[in-house]
Amino acid sequence: MREKRSFGLAVRVSAFISALLLSLLCGLFYNAWKYEAERIEAEEGGWHSRIAGDFSEEDLEAIKNFANVEDAVRNEKGYGGTEPAADIYFSDKGAVLKDTPHIAELLGVPQERIVYNGALLAMYLIRAPGDTAPRLLFPLFLLITLAASFSLIVIIHNSFALSMNARIHQLGILSSVGASPGQIRIYLLWEAAVLCAGPVIAGNLLGIAGSAVLVRLTNVFPGNSVPGRHQAVFGYHPLVLALTFFATFLTVWISARLPARRLSRLTPLEAIKNVGELQLKRKKASPLLSRLFGVEGELAGNALRAQRKALRTAALSFLFSFLAFALMQCVFTLSRISTGETYFERYQDVWDIMAAVRETGIEDFKETAAVRELEGVENAIAYQKAVAKRIVAEAEMSEELRSLGGFSQASGDSAVQTDGGWLVNAPIAILDDQSFSAYCEQIGVPPRLDGAVVLNRIRDVTDPDFRHPVFLPYLKAPDAGGNAVSVLRQYGNETMTAEIPVLAYTQEVPPLREEYATLDHYELVHFLPASLWKEIKNRIGGAEEDSYLCVKAREGVTSEELTALQGEIGRLCDGKYTLEQENRIQEYEMNDRQIRGMMTVFGAFCALLAVIGIGNVFSNTLGFVHQRRREFARYMSVGMTPGEMRKLFCAEALVTAVRPVLLSLPVVIAAVWGMLRASYMEADVFLAEAPFLPILWFMLAIAGSVACAYFLAWRNVRTISLAEVLRDDSML
Amino acid sequence: MEILKCEGLRKVYGSGRGQVTALDGIDLSVSKGEFVAILGASGSGKSTLLHILGTVERPTGGRVIVSGTDLSKLDQTQAALFRRRKVGLVYQFYNLIPTLTAEKNILLPLTLDKKKPDRELFDRITGALGIADKLDALPDQLSGGEQQRVAVARALIYRPALLLADEPTGNLDQKNSKEVVDMLKLSNRGLEQTILLITHDEKVAMEAERVITIEDGRIIGDERRR
């Protein structure tokens with residue numbers, strides 16, 4: 001081990017990276033599990049089973065007397081949200097399914113009135129009866145861990161093979177003096193154990209620290225303003241440590257055992273004769289390398305082919321890390337552009353603050369005018385949404401709709417044929433009266449509060465390009481034979497109707513952060529003033545519980561000003577309404593932080609994957625003095641100059657670093673092309689923001705590391721004495 | 001015409017009590033077209049002499065002049081270029097590049113210099129050495145004798161001033177040994193190639209026209225046989 005330090009280093013690096021990855025994985029999984037359990041406890045409660053019934057204190061005490069019960073609490077609306085129940089907490093979760101039926105029996109409650117907290121129990125691998133949810137967290141983790149271990153074995157066993165091959169001559173001698181294959185195997189595995197003990201411990205500890213950092217980052221990047229999200233607090237359990245060590249041990253042991261088994265089976269003669277020199281089984285030309293680097297290029301190509309097995313780890317890890325990194329960068333860039341185009345840019349001039357006014361109808365929300373008066377507010381629109389139906393008669397359909405085939409392409413409930421025509425969804429946006437009047441002015445009709453404006457447009461359903469939708473008139477305008485009234489029908493009971501005048505058919509929408517007819521292209525959207533809604537709501541109903549306040553601040557508002565404005569709106573509504581506010585700039589920043597956070601995490605994984613390859617290249621090149629000594633001596637003996645040897649090294653380094661990139665690029669380009677097509681994004685839009693620089697940096701980092709490895713190897717190789725090699729009798 | 005001249009050539013390995021003198025004041029002169037055998041037992045210093053003549057090693061003292069070049073003044077690159085252009089080296093274990101075909105091995109010194117081979121010379125050499133039909137083979141697809149012939153062809157392709165052969169028959173059976181020695185003789189006569197053959201085998205040495213015997217780093221005999 002002392003003699004072949006470079007190979008030992010490769011084994012140590014491999015073991016360290018394996019331990020680091022697996023420890024990181026297990027640490028992250030444990031914290032994901034912990035977070036999910038905490039979330040369920042926060043949202044649904046930490047009870048394990050629930051028995052319906054109006055229980056007295058004595059009953060609860062009787063429940064608590066059960067050996068595995070930790071606590072029993074009365075819950076007034078625990079059963080079905082209406083009936084009282086007893087929430088039971090168990091100290092031993094394994095006893096929940098066994099003890100709860102006994103408790104119910106004792107209390108005289110039928111078994112059907114028992115409810116289990118299926119989501120929480122599933123976190124402890126307990127499947128509650130009747131729980132049909134998939135509960136994939138554990139199986140997914142086991143699958144990922146197995147896949148990671150398998151990938152690591154494939155990747156790192158070669159480092160062990162290299163290290164073991166370096167002493168094959170010595171093994172031959174051992175074998176020739178009578179060491180059995182078993183003894184050789186044990187010797188090699190012991191050696192691996194001694195080499196790996198330190199790195200495995202260090203890797204595991206660093207993995208734990210890494211998972212703590214990542215858990216912290218999950219709080220920092222998305223921010224804490226995501227509604228319903230609670231802080232993730234890092235935790236660790238001794239069992240997780242044991243599991244991590246077991247997974248690492250198994251991975252390293254299998255990786256070491258594979259080459260040890262092969263070498264232990266060699267005959268003494270095979271082992272002694274094997275001088276570990278790189279051989280080419282078949283001759284194969286390297287025309288490109290020969291053209292670029294001359295005969296040195298050809299020699300480099302041949303040497304790389306002969307080293308193919310030894311460099312497989314590097315080739316795979318560079319290929320996958322670069323591929324993953326480039327794809328990740330492109331996907332996130334596409335996603336950022338897409339979100340920007342379809343959300344932030346589209347609604348940039350529409351809203352700055354959105355407030356959901358919980359459980360308040362539009363007529364009950366009285367603060368719109370006061371919000372408009374706030375300093376820095378340009379406009380504020382209060383609105384509520386409702387659902388309704390409407391029949392579109394054959395005669396009402398526009399020529400354009402007819403040319404699209406009418407409703408023939410509508411699916412499911414989008415359009416149902418009735419005697420009077422097609423029954424379609426008619427979502428309603430109810431605007432406060434002032435905003436409705438402003439909308440009328442915006443579309444050029446005299447403001448009135450006794451009629452509706454119909455969004456008279458339908459997307460060309462024959463064109464799947466959702467990014468650049470083509471809108472066509474839905475109905476005939478009144479002056480072209482269309483109706484001047486619209487009959488809205490109650491959703492679910494279409495016999496209940498309300499006939500309202502139509503003030504205008506338009507393709508323009510009011511400045512609201514809303515999307516229309518995206519899922520159901522055949523929706524016929526109606527904009528109504530609040531006064532009109534007040535008159536018809538009892539007939540057709542269908543209004544959502546909440547109202548919304550869409551606030552547009554003055555031009556050039558800053559994030560701090562918006563936050564201050566949010567505070568003022570909150571103060572105005574304090575005690576009167578329950579508000580949930582969003583701020584456009586904060587949302588934009590949060591989205592940005594989330595993307596950067598995810599990119600950091602994925603990027604770190606890609607870098608870690610690349611580090612495995614870099615470790616392999618270093619272990620291989622640092623072993624050149626031993627492994628390729630004779631090869632270099634041969635080059636020197638025919639008169640290859642140091643400069644030409646350097647050229648050969650450059651060619652090898654270039655191929656090692658650049659080939660994975662060249663192999664990945666077509667895949668990345670094809671994937672990006674596919675994604676652009678699927679998202680109907682123009683190539684030039686993507687190219688303008690394409691992540692060339694980060695990809696280039698990643699590529700340069702890999703290339704730089706490889707160059708460094710080959711430079712160090714070159715320095716070592718220069719110390720080879722041709723005379724010494726020629727004196728070596730084993731030179732074949 | 002003198003092609004090789006050694007004056008007071010010394011080579012000492014190590015220092016202090018572990019010091020070993022491999023060559024101790026060698027004076028030697030070889031003329032163009034001569035076939036000289038250096039005969040000596042193992043450890044006599046004959047391989048060290050060859051390594052110094054082939055610029056593989058530097059002498060500790062004295063001067064070596066090959067074809068007008070003072071070898072002691074060459075740096076690493078110049079030594080490599082000298083090895084490539086001025087001397088042809090043939091080793092006991094052939095030293096062929098295992099990843100190149102026989103033809104590419106033979107042409108390697110020229111290819112490194114980006115020179116086009118003289119096809120006529122190439123055909124003559126490979127024809128004379130009997131390897132014209134083995135040119136596409138990789139070294140490990142050839143027998144020991146064939147590999148040594150390829151090594152000889154590679155040493156001759158640049159028409160070097162001096163062909164240095166270090167125990168070229170040491171790894172061959174009797175038949176192949178004879179063939180290789182015959183080939184060296186042939187190239188000596190046919191191409192007027194100066195050859196310095198190092199061997200411990202007296203029988204092989206007797207094939208040369210001049211036999212220099214070396215012992216403990218000193219020349220103890222210099223016999224012209226014809």
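The model is predicted: local features need pLDDT of at least 70, side-chain atom pairs count only at pLDDT 80 or more, and totals for chains, interfaces and linings use all residues. Residues are numbered from 1 along each chain as its sequence is written, while chains are lettered from A and ligands numbered from 1 in the order in which they are written. Helices (H or I, at least four residues) and strands (E, at least two) are DSSP runs, numbered from the N terminus.

**Domains of chain A**

- The assignment for chain A gives domain 1 (1-29 + 135-274), domain 2 (30-134), domain 3 (283-348 + 585-732) and domain 4 (353-556); such bounds come from an automatic or database domain assignment.
- Between the C-alpha centres of domain 2 and domain 3 of chain A the distance is 55 Å.

**Contact between the chains**

- Chain A places 24 residues in contact with 26 residues of chain B, where contact is defined as C-beta atoms, placed from the backbone, lying within 7 Å.
- On the side of chain A that touches chain B, at least two residues each are supplied by helix 11 (295-306), helix 20 (629-637), helix 21 (642-679) and helix 24 (722-727) of chain A.
- Helix 11 of chain A gives the most to this side, with five residues.
- By class, the side of chain A that touches chain B has 14 nonpolar, seven polar and three charged residues. Here Ala, Val, Leu, Ile, Met, Phe, Trp, Tyr, Cys and Pro count as nonpolar, Asp, Glu, Lys and Arg as charged, and the others, Gly among them, as polar.

**Helix packing**

- Helix 11 and helix 21 of chain A pack with their axes 8 Å apart and at an angle of about 50 degrees. Axes are lines fitted to C-alpha atoms, for helices over the stretch in contact, and angles run from 0 to 180 degrees between N-to-C directions.
- That angle makes helix 11 of chain A oblique to helix 21 of chain A. Angles under 35 degrees count as roughly parallel, over 145 as roughly antiparallel, 65 to 115 as roughly perpendicular and the rest as oblique.
- The crossing of helix 11 of chain A with helix 21 of chain A is right-handed. A crossing is right-handed if the near helix is turned clockwise from the far one by less than a right angle, and left-handed if anticlockwise.
- In this contact, A:E296, A:G297, A:L299, A:A300, A:A303 and A:L304 of helix 11 meet A:E644, A:K647, A:L648, A:A651, A:E652 and A:V655 of helix 21. The residues divide into seven nonpolar, one polar and four charged.
- In chain B, helix 4 (residues 119-129) and helix 5 (residues 144-156) pack at an angle of about 150 degrees, with axes 10 Å apart. They are therefore roughly antiparallel to each other.
- B:I125, B:T126 and B:L129 in helix 4 of chain B meet B:R149, B:V152, B:A153 and B:L156 in helix 5 of chain B, a set made up of five nonpolar, one polar and one charged.

**Six-stranded sheet of chain B**

- Six strands of chain B form an open sheet with mixed pairing in the order 6-7-8-3-9-10; two strands pair if DSSP finds at least two bridges between them.
- Strand 6 (87-90) and strand 10 (218-224) of chain B stand at the edges with a single partner strand each, so one side of each has no neighbour in the sheet.
- On average, neighbouring strands of this sheet are turned by 15 degrees against each other, direction ignored.
- Strand 3 (residues 35-39) and strand 9 (residues 210-215) of chain B pair in the parallel sense over four bridges, and B:L39 has B:T213 in strand 9 as its bridge partner.

**Four-stranded sheet of chain B**

- A second open sheet in chain B has four strands in the order 2-1-4-5, with antiparallel pairing.
- Strand 2 and strand 5 (69-70) of chain B are at the edges, each with a single partner strand, so one side of each is left without a neighbour in the sheet.
- Strand 1 (residues 2-13) and strand 2 (residues 20-31) of chain B pair over nine bridges in the antiparallel sense, with B:D24 in strand 2 as the bridge partner of B:R10.
- These two strands of chain B form a hairpin with six residues between them, and B:G14 in the turn has a positive phi of about 70 degrees.
- Strand 1 of chain B also pairs in the antiparallel sense with strand 4 (residues 61-66) of chain B over five bridges, where B:L4 stands opposite B:V66.

Terms used. Contact = placed C-beta atoms within 7 Å.
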